[in-house]
Amino acid sequence: MFTYPLDDHIELQPLALQHARPLFILTNRSRDTLREWLPWVDAITEVDHTANFVRNAIKQGAENGAISSGIWVQGELAGMISFHEINWHNRSVSIGYWLGQEYVGQGIMSSACRAFVDYALMELDLNRVEIRCATGNLRSRAIPERLGFVLEGIVREAELLPQGFVNHAIYGMIQSEWKLLR
């Protein structure tokens, strides 16, 4: 299995079945903070649920080329970053991500997103990358803003979370803009 180093302490690894247990443990440890912004958290109550997620991610990768990677910090699983299904016809993809609560605020996700955006736009030759975040999730929104994404709009009541519907901010980056920012 390959790894992609982001720096001396952080690397990305494609999701594999042996990651199911550490991924479940990280999810469980961060459940209270993740629940606020991720609708799937309450449905993950055992390792088998996470293993099913991993199997589906691997299958989607094989069928579509979408990548799901664990983010590893000093050998410990810290979070996830994924391409959602790649739209090859329109040469576009969206990115989803999350970190365990003890890893937030250290620049880890910005580095991981930068690598994913670069891979999507420069290696896969996609034209567009999109990131959607709940408007109230200021930490998540800071990542595309930091990377130079354009806020393209707000989708009202886009996602149902435990506290009710939330609006989504939609950020976009196109290949020609990314080339200027690199």
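A network of salt bridges links Arg128, Glu130, Arg132 and Glu152. The model you are looking at is a predicted one, and the salt bridge count comes to 9. According to an unreviewed UniProt entry, residues 10-177 carry the annotation "domain: N-acetyltransferase". Over that stretch the chain is 36% helix and 34% strand, with its end C-alpha atoms 27 Å apart.

**A salt bridge between distant parts of the chain**

- Arg29 and Glu102 join their side chains in a salt bridge, at 2.6 Å from N to O.
- This pair links distant parts of the chain, 73 residues apart: Arg29 sits in helix H1 (residues 20-29), while Glu102 belongs to the loop between strand S5 (92-99) and H4.
- Arg29 is partly exposed, with 42% relative accessibility, and Glu102 is partly exposed as well, at 34%.

**Salt bridges within a helix**

- In helix H2 (residues 31-35), Arg35 and Asp32 are 3 residues apart, so about one helical turn separates them.
- Their salt bridge brings the closest N and O atoms to 3.1 Å.
- Asp32 is exposed, with a relative accessible area of 63%, whereas Arg35 counts as partly exposed at 25%.
- Helix H3 (residues 47-64) holds both Glu63 and Lys59, which lie 4 residues apart, or about one turn of the helix.
- The side chains of Glu63 and Lys59 meet in a salt bridge of 3.9 Å, N to O.
- With a relative accessible area of 60%, Glu63 is exposed; Lys59, at 48%, is partly exposed.

**Backbone spots worth a look**

- Most residues other than glycine have a negative phi.
- Asp125 is not a glycine, yet its phi is positive, at about 60°.
- You will find Asp125 in the loop between helix H4 (108-123) and S6, where Asp125 is partly exposed at 41% relative accessibility.
- Glu157 also is not a glycine and has a positive phi, of about 45°.
- Glu157 is part of strand S7 (residues 150-161) and counts as exposed, with 56% relative accessibility.

**Around Gly136**

- Gly136 is placed in the loop between strand S6 (128-134) and helix H5 (138-146).
- Its relative accessible area is 43%, so Gly136 is partly exposed.
- Gly136 and Arg156 are 20 residues apart along the chain, and their C-alpha atoms are separated by 12 Å.

Note on methods
Residues are numbered from 1 along each chain as its sequence is written. This is a predicted model: local features need pLDDT of at least 70, side-chain atom pairs count only at pLDDT 80 or more; totals for chains, interfaces and linings use all residues. Side-chain values use heavy atoms; hydrogens and water are left out. Helices (H or I, at least four residues) and strands (E, at least two) are DSSP runs, numbered from the N terminus. Buried means under 20% relative accessible area, exposed over 50%, partly exposed in between (1.4 Å probe, protein chains only). UniProt positions are given in the numbering used here, feature names are shortened, and annotations may be inferred rather than shown by experiment. A salt bridge is a side-chain nitrogen of Lys or Arg within 4 Å of a carboxyl oxygen of Asp or Glu.
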